[in-house]
There are 2 protein chains.
Amino acid sequence: MTKKVIRNSVSTEDYLKGIYRLTGETDEFATTNAIAESLGISAPSVTGMLKKLAQSRLVQHSPYHGVRLTAAGRSRAVKILRRHRLVELFLHKCLRMNWDEIHQEAEVLEHALSERLESRIDEWLGHPRFDPHGAPIPDAAGNIIPRNVLKLSEIEARCDAIVAQVMGQDAELLSYFKERRIFPNRRITVLEKEKFGGSLKVRVSGKIQFIGLRAAQQILVEQL
Amino acid sequence: MTKKVIRNSVSTEDYLKGIYRLTGETDEFATTNAIAESLGISAPSVTGMLKKLAQSRLVQHSPYHGVRLTAAGRSRAVKILRRHRLVELFLHKCLRMNWDEIHQEAEVLEHALSERLESRIDEWLGHPRFDPHGAPIPDAAGNIIPRNVLKLSEIEARCDAIVAQVMGQDAELLSYFKERRIFPNRRITVLEKEKFGGSLKVRVSGKIQFIGLRAAQQILVEQL
DNA sequence: TCTTTTATTTAGGTATACCTAAATATTTCC
DNA sequence: GGAAATATTTAGGTATACCTAAATAAAAGA
């Protein structure tokens, strides 16, 4: 027992991706509850799965504390992330799918790509570096372009910035951004910040508008 | 118990597709062993699964005799077949994937397409009617173009025909056809048939060559 | 510090889909 | 018709990945 099984399941990939999303390239631990919430799975189920992932040396499990990805686990997570973002961009560019539909499709397709198909799509796209939401696409070796980004909500009033990325998980939020013409590479100026977590008054794409705090936390910018 | 559960699994889709491949549009029964062999699963496992599919009203199960698809089961099978063939053609046309690679990819991707993506691909391809192996692609309603085809092995010597379809499951066999330039829509003439299941001497694409009987059974033609 | 709250894990159970070995039904052949 | 061969099903078991309820550990607050 406690043998090191090879885990190729969709579940395994979803856990690794979820943990990576929580901890990024840091060596922080992701907590059981955070993982449970992000995957929509009960905490006891998560505990059980984390033990299996630890046996397969994909995560390091520190009981009652959390897990962090091993090198192998991180590499698998980055691979899925690459596939997810390549697929999003491909669906958008080749098949003209909407900005707010592609995430949902990619969530399934990322688990169905072979190595071969991944690289064909990468070639078709010309080895792209960013997906349609502005998220960096890891290269075939797993390297990610380092960026210096802040949440829009953290920018001071009267500051200029460039939209780097909008978080693309939620179709409703993406429609919100679309309506307000908030897209990667657009210049954005924070005009005013209401106190105590209120809206931000900004100018973007020539229009002055208000953005809720929750939305502003989902927009990454490069400050100028 | 014995409730009518909704079955959306990859396994379910593979069984329905497999049964359809065995029986086509006829009302014949597929036997347990034939299904087991075609899916590479043990016969007892197949029996168990057929009972579940019968409970979900996707097949009609006649114990010790076999199963046949219900209308619902056939419709699901044809949908998967449509997706499989659309994906094959798309990979070939858009991503320039080889004739003998696309089946393997489609085998996975067919289970990962949404309705929306299926129809985007269909549009991109211009509502195609045949896949790269010459197999007819069912339309969105599930209708399949009727054809009048024979196996090449059934054609009399000194007869002319047009290659309609090469069976595309096996990459090795497809390479064999590729080498011999046997593609859909090519004219093929059977020059001689060796007795007792020997090779066929044919002319195709201007070249005279021999085709093994097993291969000739995997080539469908329209007799002229 | 000690109690309460929160987070995590253990215990026990479910569904899906597969397996082998053994039993039983069906078909084939003499 | 009956024995042998073949096909199918039953019985019992495994692995994956999920669940709820209960127990326990850790963190927070008085």
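Me: Which residue places a polar backbone atom 3.0 Å from a phosphate oxygen of DNA strand D?

Reply: In this predicted model, the residue is Tyr64(B). A polar contact is read as a pair of N or O atoms within 3.5 Å. Side chains of chain A also reach phosphate oxygens of DNA strand D: a polar atom of Ser9(A) lies 2.2 Å from one, and a polar atom of Ser11(A) lies 3.1 Å from one.

Me: What share of the DNA strand D atoms within 4 Å of the protein belongs to sugar or phosphate?

Reply: The share is 79%, and the rest belong to bases. DNA strand D is surrounded by 22 residues, with Ser9(A) and Lys51(B) among the closest. By class, this surface has 10 nonpolar, 9 polar and 3 charged residues. Helices H1 and H3 of chain A, together with H2 and H3 of chain B, each supply at least two residues to it.

Me: In what order do the strands of the open sheet in chain B lie?

Reply: The 6 strands follow the order E3-E8-E4-E5-E6-E7, with antiparallel pairing. E3 and E7 of chain B each have a single partner strand, so one side of each lacks a neighbour in the sheet. Helix H7 of chain B packs on the sheet, touching E4, E7 and E8; its direction makes about 155 degrees with that of E7(B).

Methods. Residues numbered from 1 in each chain as written. Chains lettered and ligands numbered in written order. Predicted model: local features only at pLDDT ≥ 70, side-chain atom pairs only at ≥ 80, totals over all residues. Heavy atoms only, no water. Pairing = 2+ DSSP bridges. Helix = DSSP H or I, 4+ residues; strand = E, 2+ residues; numbered from the N terminus. Contact = heavy atoms within 4.5 Å. Axes fitted to C-alpha atoms, helices over the stretch in contact; angles between N-to-C directions. Near = heavy atom within 4 Å. Polar contact = N/O pair within 3.5 Å; in protein donor to acceptor, adjacent residues only side chain to side chain. Nonpolar A, V, L, I, M, F, W, Y, C, P; charged D, E, K, R; others polar.
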